[in-house]
Amino acid sequence: MLNAFASHTLQRDGVLLHSRIGGNGPPLLLLHGHPQTMVMWHRVAPVLAQHFTLVLMDLRGHGDSGRPTADASHRAHSKREMALDAMAVMAQHGFQRFGVLAHDRGARVAHRLAADHPQAVQRLLLLDIAPTLAMYAHTDEAFARAYWHWFFLIQPPPLPEAMIGADPARYVLSVMGSRHAGLAPFDPAALAEYQRCASIPGSATSICEDYRASAGIDLEHDRDDINAGRVLQQPLRVLWGEHGTVGRCFDVLALWRERAADVSGHSLPCGHYIAEEAPDLLVAEALSFFSIHPQEPHP
């Protein structure tokens, strides 16, 4: 669905990283969420590519990137390692400093990327998340019921992997279809791509390891930042769906203002999957935030 964007691969520490690049203008990295791939940007990428040089990548363990071997510390699936992947991919394409637009799991990678590599990230636009540590710390019954997968996927192997691996396509449809708008917002070709990639051997393990890392080693890295008094210095905008769980269960702006010095944001009239439910609104937000007027394409 993104064939207008040139496909590239890169090996970093034995993990294959798949990316696509296209467009014209300042560099903008796009990071996808769960249980998706870079294809989730298919409704916004063609328009954004008129204003930016877009780099879209599949996170390790997802899409057509490699599936690292699980390890006891879950380090191989930590957001710190994924941030290093992003740095390597952007360097491959010749970019040392760039903006970041990211959703869901990818937005957690973007948070770590901006924290660990502040010289690289100019500004970041995050979709439908609050900080990971805050979300775990403020979990209540409503959040636990809505985000059941957060607690299912972190259970010890092999049970979650076995249940996902038994029917990966059904897992994708169950997770995505249980949100505000059901499956109606998704292009059938996009859904088919998410299902294809979830069926690649090793995907079930990587899905679980991603969440185990978020509930373990990633929290250690977040606590290190907090204990050291480190906050993001880049301009940060957060958007969330007014019909989604994050906005209902958390004070999104207040929580991000504990972790970043320059925060703005608001809800949009949609659910969790903003790029597919409200693509026109997202494009307008991106053009505004990254300082490009919609009627004036970058030369």
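1. A residue is termed buried when its relative accessible area is under 20%, exposed when that area is over 50%, and partly exposed in between (1.4 Å probe, protein chains only). By this criterion K79 and D218 are both buried. The model is predicted, so that local features need pLDDT of at least 70 and side-chain atom pairs count only at pLDDT 80 or more, whereas totals for chains, interfaces and linings use all residues. Residues are numbered from 1 along each chain as its sequence is written, and side-chain values use heavy atoms, with hydrogens and water left out.

2. The salt bridges come next. The term denotes a side-chain nitrogen of Lys or Arg within 4 Å of a carboxyl oxygen of Asp or Glu. Side chains of opposite charge can pair when their charged atoms come close. Over the whole structure, 20 salt bridges are found. One of them joins K79 to D218, with 2.8 Å between the closest N and O atoms. K79 belongs to helix α2 (residues 79-92) and D218 to helix α11 (residues 217-227), so this pair ties together parts 139 residues apart in sequence. Helices (H or I, at least four residues) and strands (E, at least two) are DSSP runs, numbered from the N terminus.

3. A salt bridge also forms between D225 and R112, at 3.0 Å from N to O. Because D225 lies in helix α11 and R112 in helix α3 (residues 105-116), the pair ties together parts that are 113 residues apart in sequence. D225 is buried at 5% relative accessibility, and R112 is buried at 4%. Both residues are members of a network of salt bridges that links R80, R112, D116, D222, D225, R230 and R259.

4. A further salt bridge connects E285 and R237 at 3.5 Å, N to O. Here a helix is joined to a strand: E285 is in α15 (residues 279-289) and R237 in β7 (residues 236-241), so parts 48 residues apart in sequence are tied together. E285 counts as buried at 12% relative accessibility, as does R237 at 18%.

5. Two packed helices are described by the angle between their axes and the distance between the axes. For α2 and α3, the axes come within 8 Å and cross at roughly 80 degrees. The two helices are therefore roughly perpendicular to each other. Axes are lines fitted to C-alpha atoms, for helices over the stretch in contact, and angles run from 0 to 180 degrees between N-to-C directions. Angles under 35 degrees count as roughly parallel, over 145 as roughly antiparallel, 65 to 115 as roughly perpendicular and the rest as oblique.

6. Contact (heavy atoms within 4.5 Å) between these helices involves K79, R80, M82, A83, A86 and M87 of α2 and R105, R108, V109, R112, L113 and D116 of α3. The residues of this contact divide into six nonpolar, no polar and six charged. Ala, Val, Leu, Ile, Met, Phe, Trp, Tyr, Cys and Pro count as nonpolar, Asp, Glu, Lys and Arg as charged, and the others, Gly among them, as polar.

7. In α11, the residues I217, D218, L219, H221, D222 and D225 are buried. Their cover includes α2, α3, α4 (132-137) and α10. Just after α11, G229 adopts a positive phi of about 75 degrees.

8. In helix α7 (residues 159-166), the buried residues are P160, E161 and I164. These three span an arc of only 100 degrees around the axis, which puts them on the same side of α7; the arc is that of the directions from the helix axis to the C-beta atoms. The face turned away from the buried side carries the exposed residues L159, M163 and A166. The buried residues of α7 are covered by elements including α6 (148-152), α8 (168-177) and α10 (203-214).

9. T205 is located in helix α10 and is partly exposed, at 28% relative accessible area. Neighbours within four places in sequence aside, T205 is in contact with A70 and E161.

10. H93, in the loop between α2 and β5 (98-103), counts as buried at 15% relative accessibility. Residues up to four places away in sequence not being counted, H93 touches H8, S19, I21 and V55. G66, in the loop between β4 (53-57) and α2, is buried with a relative accessible area of 15%. Beyond its neighbours within four places in sequence, G66 is in contact with V15, L16, R60 and G61.
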